[in-house]
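Me: I would like to learn how to read charged pairs and nonpolar cores in a model. Please begin with the charged pairs.

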Amino acid sequence: MDLQDAQKFVVQSIHDIRNTFQKVPGSAMLIRYIQSSYQDDPVRSAIELILVIFFVRYLLAPSYATHTGNFVTLTEEEIDELVDEWQPEPLVAPQTTFEEAEQEKLPVIVGPTGPKVKLSNGRTATNLASYNFYNFVGNEQVKEKAIQTLRTYGVGPCGPPQFYGTQDVHMKTEADIASCLGTQGCIVYAQAFSTISSVIPAFCKRGDIIVADRAVNYAIRKGLQICRSTIKYYEHNDMEDLERVLQKVVKDQAKKPLTRRFIVTEGLFETVGDCSDLPKLVELKLRYKFRLMLDETWSFGVLGRTGRGLTEAQNLDASQIDMLVGSLAGPLCAGGGFCAGSTDVVEHQRISAASYTFSAALPAMLATTASETLNMLQTNPEILMQCRENIKALRAQLDPRSDWVRCTSAPENPIMLLVLKPEVVNSRRLGTEEQERIMQECVDEALANGVLITRLKSMPVAHGSNGKDDAWKLQPALKICVTTGLSKKEIEKAGVIIRHAVTKVLTRKTSSKLALPGTS
């Protein structure tokens, strides 16, 4: 083939390729773009061609390095030596001497729990250490309903919600809670602890800002840790300090792109026992354009005329709370948790909340129990009134009469937290560990006299956005749970025993060194 034949072949090939390319839809538009681009700015066409070549090469390149130059080849002897030297870190930290002593004295309940329990040593004790506030555990109507549901639906759904784990009883429980609170919707989780720790990261991501109370419980702290947002803490239940933090956040974000901002707090605080000022919280969140996430784990089923929680107790519409989180495992004696709010808030969690999409659904028996006990509270408000009468009776025996302890819980909180008075702590220079030992001795002394109580367990300190430890420290406390399963006289008797136990322990510890408070 001479040069002329080669030229004809090339021209014919180009002509055939062009005719074939023109048959492709959109080819004429692409040709016009290239022609006009080359005439107006040939440099841009060259850059675009380079970028196209780089893109094609990037797609075809392997996603990992195929060479082995970065790896160190070890002999079999070296591998065996490294394996022998490796010591895995223990899954659980070794117990301290105090924890070992506490474990040895831990009481064991034999048989069903209730207001009166039988211990493994054969003795019977008054049980003020469980969340059976309304004695629903011993209610025959609730038991019968649970047994019927167990026979109909089995032990558990064995599957995640939204797949084949959702059953009609779950939908009914969600509708019952939404109707009770007056919200557009509700979503039910399978575990109470993982509810708030999953709701927070479902809405809060890296770059978002969360302003939280320093005293929030451990489940909230885990949610704050998981979400990777910027965390700002305000002093416990200090609305002036909260407003100061909100003002600073708004000022710092004034010239930055819009970010999502949240306030996270509790209804009744698990670590202190007091309640939030909800009207002020709503006022601040509207003024500074924040969303409010309220954890009512310990206030739902407790506060308000019919147990609807803090919103009912402080006369606020639940729709003013963006995310209202609660538990079905405490006062309602069932299991699981919930988050109520607008339809968008609820539906968003069904596809983005980790503990909802990646956990088995709540057993039908627990969902039915929650609906049943919630309905009993709604239709029989006298149950709550009886519980509050017992709370008053127990407080009258402890808070004003004791020289050593004071109650930090709200007047209607059935979980009474008793901490050492400041003058007792200061005069004897008691550290946290010493206070914990004293509280444990009070628990043991009360149990020796037939009353079962417990103490508030410590938890890790909070970490702020700067990575440093925040100032909030948990004060050791006795934890006493009131129940309607006991009469007023039995409650008063238990209160006297607890008060005498505290007095005996502290007098025994300090009689040889210091006199009683207020004496020389």
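Reply: A salt bridge is a side-chain nitrogen of Lys or Arg within 4 Å of a carboxyl oxygen of Asp or Glu. This is a predicted model: local features need pLDDT of at least 70, side-chain atom pairs count only at pLDDT 80 or more, and totals for chains, interfaces and linings use all residues. Residues are numbered from 1 along each chain as its sequence is written, and side-chain values use heavy atoms, leaving out hydrogens and water.

Me: How many salt bridges does the rule give?

Reply: The count is 19. In one of them, Arg-350 and Glu-347 meet at 3.4 Å, N to O. Both lie in helix H13 (residues 343–352), three residues apart, about one turn of the helix; helices are DSSP runs of H or I, at least four residues, numbered from the N terminus.

Me: Is Arg-350 buried or exposed?

Reply: Buried means under 20% relative accessible area, exposed over 50%, and partly exposed in between (1.4 Å probe, protein chains only). Arg-350 has 11% relative accessibility, so Arg-350 counts as buried, while Glu-347, at 41%, counts as partly exposed.

Me: Which parts of the chain does the pair Arg-508 and Glu-441 link?

Reply: Arg-508 forms a salt bridge with Glu-441, the closest N and O atoms being 3.6 Å apart. The pair links distant parts of the chain, with Arg-508 in helix H19 and Glu-441 in helix H18 (residues 432–448), 67 residues apart.

Me: How many residues has the largest nonpolar core?

Reply: A nonpolar core is a set of buried Ala, Val, Leu, Ile, Met, Phe, Trp, Tyr and Cys residues joined through side-chain atoms within 4.5 Å. The largest has 94 residues, and Leu-128 is among those with the most contacts inside it.

Notes: Helices (H or I, at least four residues) and strands (E, at least two) are DSSP runs, numbered from the N terminus.
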